[in-house]
Amino acid sequence: MVKTLFENFIETSKPGKPSKFDIGPVISTFSSNFYDGFRLRVGGKTTGALSKHFFLEGNYTHGFRSGGNYYGVTAIYAINKKKNSTFEFPQRNIIFESTYDVTSVSDKFLKNSKDNLFVNFRTETVNMLYRQNKQRLGFVWETDYGLNFNTNFIMESNEPCGDLHFRHVNGAPEEFRMRTTEWNGEVRFCPGQTYINTKQDRWPIDKDRPEFTIRHAVCFDGFLGGQYASNQTEIGIFKRQWLGSWGRVDLHILGSMQWNKVPFPLLITPPTCISYVEQEGTFNMLRNMEFFMDRRVFWSVAWNMNGKIFNRIPLLKKLKFREYIAFKGIWGTLTDKNNPTLAQNAGATDLFMLPDRTYPMDPKRPYLEMAVGIRNILHFFSVEWIHRFSYNEHPGTHPNGVRFGLHVTF
């Protein structure tokens, strides 16, 4: 039971023999959302004991309130041999994925599955959802010295459900499906970065070297059913700086731009986590879909003080608690061409009305958050108090909150 809890999968082999097929992830078996109600999911994946090059993953989910049936199937060919799993360093994979499921805008920022049991403890009811039917052909190539490439060709169809609607600003009939055909490519460089592989995950050996990322995504109008032309560029940097006995500071900066005139689902949203389980690099007090923008700069400065203060308090020193402070913010704007609230766009054929309680961000007023917390509780648990500095006049927002985290450290 302990092994299953930590590995998140159930092996199907006899004791002493390597498992060729694992059932899971166990922690994602039960979940819920506004549209489906209670959801039951079963899935599994093959391992390197069956094939060193070819891997299959799949899941089936049933929503009891809606009666919806959903699936996800992924086939991966690893060019280099793998011991157990496809994510082992270095990844050199060809990927085909087909999924049909209910999701939300904020789900794309999750590091774990949106059906993860802990993630499902949310701070708000997410009632603006869509049924997503997606097919993806991808290629990933990681070098031994930290220069990594990946590219994807994606055909995607999204149907609004719950309280989400695609209403044209010019009064045309409501859209009940939005189709896009996308190609994207990403280059990431972190000199000398390597990983330690485990059966269910991989861990970077260190994060001391700077990590640079550049990504561009293109949507094609009229190609394979795509309805909109779009170009979106992202440039990011991550750097960890050690401060001796004062611990370490993690700095993350990301700039994004949407170049085209597009409806709101193709605009940029802040990285938002609406779960009570905290995720670094996201905002914890923002509501789902609270802001849309086509220009943005995001920054996060997180300082783990490594016990600089707590080590002076005998009990806290013995417990090895660690102080944590983070300051996060985003500056963004929605240019006139993409702002459906302006009178000049009343006759636009390619803009949708913004959802209820969704706003363009004021370019003179960034959104800011601060977190103060205690980490390394029992070597894996953290508690943080979050304060929201701006836009507290928006309905349904809260200036303060408490979040929890799981960070395995030794």
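One definition before the first click: a residue is called buried under 20% relative accessible area, exposed over 50%, and partly exposed in between, with a 1.4 Å probe and protein chains only. This is a predicted model, where local features need pLDDT of at least 70 and side-chain atom pairs count only at pLDDT 80 or more, while totals for chains, interfaces and linings use all residues. Residues are numbered from 1 along each chain as its sequence is written, and side-chain values use heavy atoms, with hydrogens and water left out.

**Stop 1**

Select Asn376, which lies in strand E20. Helices (H or I, at least four residues) and strands (E, at least two) are DSSP runs, numbered from the N terminus. Asn376 is buried, at 12% relative accessible area, and its phi is positive, near 65°, although the residue is not a glycine.

Now go to Lys320, in the loop between H2 and E18. Here too phi is positive in a residue other than glycine, at about 60°. Is Lys320 buried or partly exposed? With 42% relative accessibility, Lys320 counts as partly exposed.

**Stop 2: Phe310**

Phe310 sits in the loop between E17 and helix H2 (314-319), and its relative accessible area of 14% makes it buried. What does Phe310 touch, not counting residues up to four places away in sequence? Show Leu316, Lys317, Phe321, Arg322, Glu323 and Ile374; contact here means heavy atoms within 4.5 Å.

**Stop 3: aromatic pairs**

Next, colour the aromatics. Rings of Phe, Tyr and Trp (its six-membered ring) pair if their centres lie within 6.5 Å; planes under 30 degrees apart count as stacked, over 60 as edge-to-face and the rest as tilted. That rule gives 21 aromatic pairs. Pick out Tyr228 and Phe352, an edge-to-face pair at 6.3 Å centre to centre with 85° between the planes. Tyr228 is in the loop between strand E13 (211-219) and strand E14 (230-242), and Phe352 is in the loop between strand E18 (322-333) and strand E19 (359-360), so this pair ties together parts that are 124 residues apart in sequence. Tyr228 is buried at 9% relative accessible area, and Phe352 is buried at 1%.

Then select Phe283 and Phe298: their ring centres are 5.4 Å apart and the planes are at 90°, so this pair is edge-to-face. Phe283 belongs to the loop between strand E15 (248-258) and strand E16 (291-292), while Phe298 is in strand E17 (residues 295-304), 15 residues apart. Both Phe283 and Phe298 are buried.

Back to Tyr228 and Phe352 for a moment: ring pairs link them with Phe166, Phe264 and Phe292 into a cluster.

**Stop 4: charges over rings**

Select Arg375 with Tyr324, where the charged end of Arg375 sits over the ring, 3.7 Å from its centre. Do likewise with Arg365 and Tyr391, where the distance is 4.3 Å. For a charge to sit over a ring, NZ of Lys or CZ of Arg must be within 6 Å of the ring centre and within 35 degrees of the ring normal.

**Stop 5: the nonpolar cores**

A nonpolar core is a set of buried Ala, Val, Leu, Ile, Met, Phe, Trp, Tyr and Cys residues joined through side-chain atoms within 4.5 Å. Which of the 17 residues in the largest core touch the most other members? They are Phe283, Phe291, Met293, Ile330, Met361 and Tyr367. E17, E18 and strand E20 (367-377) are the elements that give two or more residues to this core, and E18 provides the largest share, 3 residues.

Centre on Ile330. Beyond its neighbours within four places in sequence, Ile330 has contacts that include Pro270, Pro271, Phe283, Trp299 and Tyr367. For a second, separate core of 16 residues, select Val105, Val262, Leu266 and Met289, which are among its members.

**Stop 6: Trp246**

Trp246 is in the loop between E14 and E15. At 41% relative accessible area, Trp246 is partly exposed. Leaving aside neighbours within four places in sequence, Trp246 is in contact with Trp303, Asn304, Met305 and Lys308.

**Last stop: cis peptide bonds**

Finish on Gly24 and Pro25, joined by a cis peptide bond with omega of about 0°. Pro25 is in the loop between strand E2 (21-23) and strand E3 (30-33). The bond from Phe89 to Pro90 is cis as well, with omega near -5°, and Pro90 lies in the loop between strand E6 (69-78) and strand E7 (92-103).
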